[in-house]
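Good morning, and thank you for coming. I shall take the structure on the screen one topic at a time, and I ask you to follow along on it.

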Amino acid sequence: MTRVWLVRHAPTHAEGMTGWTDLAADLSDRAALARLSAALPQVPVVSSDLTRAVATADALQGRRPRLPHDPRWREIHFGDWEGQRAADLPEAASRAFWDGTAPAPGGEGWADLSARVGRALADLDGPVIVVAHFGAIIAAVQAAAGMSAAEALSHRIDPLGLTEIDLAARSVLRINHCP
């Protein structure tokens with residue numbers, strides 16, 4: 001059985017689409033970090049290589065072994081749309097992006113993200129905590145449950161939210177739990 005605890009990084013307070021833009025995380029809510037750390041098992045921790053995920057993973061690590069950062073756990077790459085608000089994007093292009101039929105200009109589409117996260121999931125060896133981003137967590141949920149992208153994207157994933165999946169059973173045990 002490969003159980004995976006997926007944690008969304010701490011908040012950045014950015015208002016635009018923040019994919020591969022490397023922003024710092026706000027780690028000031030020490031009580032929330034302590035509750036989350038206490039809810040996690042003593043298994044290895046891996047994170048995206050973006051600063052906000054690395055810093056969150058470092059804050060949660062405690063005595064857990066740390067695995068090398070893995071860029072496959074990055075957020076979706078919004079390309080030319082990085083930093084823009086979704087409401088300000090051209091309607092047709094935005095619709096095609098969100099329904100999965102076209103990538104962001106200069107960036108990735110949902111299929112690209114799903115394939116990247118799928119490879120990361122396939123390479124996991126044993127139970128692990130993954131500190132990642134909204135899109136990567138949703139792609140992992142989609143893969144674990146065999147649901148459509150639209151079904152997966154209907155879920156909310158808050159900063160410091162905990163999602164747990166069982167890859168062997170192809171099931172989602174909980175989504176966006178906030179201890």
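Please look at Arg156 and Asp158, whose side chains meet in a salt bridge with N and O 2.6 Å apart. By salt bridge I mean a side-chain nitrogen of Lys or Arg within 4 Å of a carboxyl oxygen of Asp or Glu. Arg156 is exposed, at 60% relative accessibility. The terms here are buried for under 20% relative accessible area, exposed for over 50%, and partly exposed in between, with a 1.4 Å probe and protein chains only.

Before I continue, a word on the source: this is a predicted model, in which local features need pLDDT of at least 70 and side-chain atom pairs count only at pLDDT 80 or more, while totals for chains, interfaces and linings use all residues. Residues are numbered from 1 along each chain as its sequence is written, and side-chain values use heavy atoms, with hydrogens and water left out.

How many salt bridges does the structure hold? There are 11. As a general point, side chains of opposite charge can pair when their charged atoms come close. One of these bridges joins Glu91 to Arg95, with the closest N and O atoms 2.8 Å apart. Both residues belong to helix H3 (residues 91-98), where they are four residues apart, about one turn of the helix. Helices (H or I, at least four residues) and strands (E, at least two) are DSSP runs, numbered from the N terminus. Glu91 is exposed at 60%, whereas Arg95 is partly exposed at 48%.

Another salt bridge links Arg66 and Asp58, whose closest N and O atoms are 3.1 Å apart. Arg66 is partly exposed, at 23%, and Asp58 is partly exposed as well, at 44%. Finally on this topic, salt bridges link Arg3, Glu164, Asp166 and Arg174 in a network.

Let us turn to the strands. Strand S1 (residues 3-8) is mostly covered, with five of its six residues buried. Which strands pair with S1? Two strands count as paired if DSSP finds at least two bridges between them. S1 and S4 run antiparallel and are joined by five bridges; Leu6 stands opposite Thr163 in S4. S1 also pairs with strand S3 (residues 128-132), in the parallel sense and over five bridges, and there Val4 has Val128 as its bridge partner.

Next, the backbone. Most residues other than glycine have a negative phi. Leu160, however, has a positive phi, near 65 degrees. Leu160 sits in the loop between helix H6 (149-153) and strand S4 (162-166). Is Leu160 buried or exposed? Leu160 is buried, with a relative accessible area of 10%. Arg170 also has a positive phi, near 50 degrees, and lies in the loop between S4 and strand S5 (171-177). Arg170 is exposed, at 51%.

My last topic is the largest pocket, with a volume of about 420 Å³. Of the 21 residues that line the largest pocket, Arg8, Gly16, Thr18, Glu75 and Phe134 are the closest to its centre. On a 1 Å grid over the protein atoms alone, a pocket is an open set of points with protein on both sides within 12 Å along at least five of seven lines, and lining residues have an atom within 4 Å of a point. Grid points are joined across faces, edges and corners, and the volume is the space filled by probe spheres set on the points. H3 and helix H5 (134-145) each supply at least two residues of this lining.

Terms used
On a 1 Å grid over the protein atoms alone, a cavity is a set of points where a 1.4 Å probe fits but cannot get out, and a pocket is an open set with protein on both sides within 12 Å along at least five of seven lines; lining residues have an atom within 4 Å of a point.
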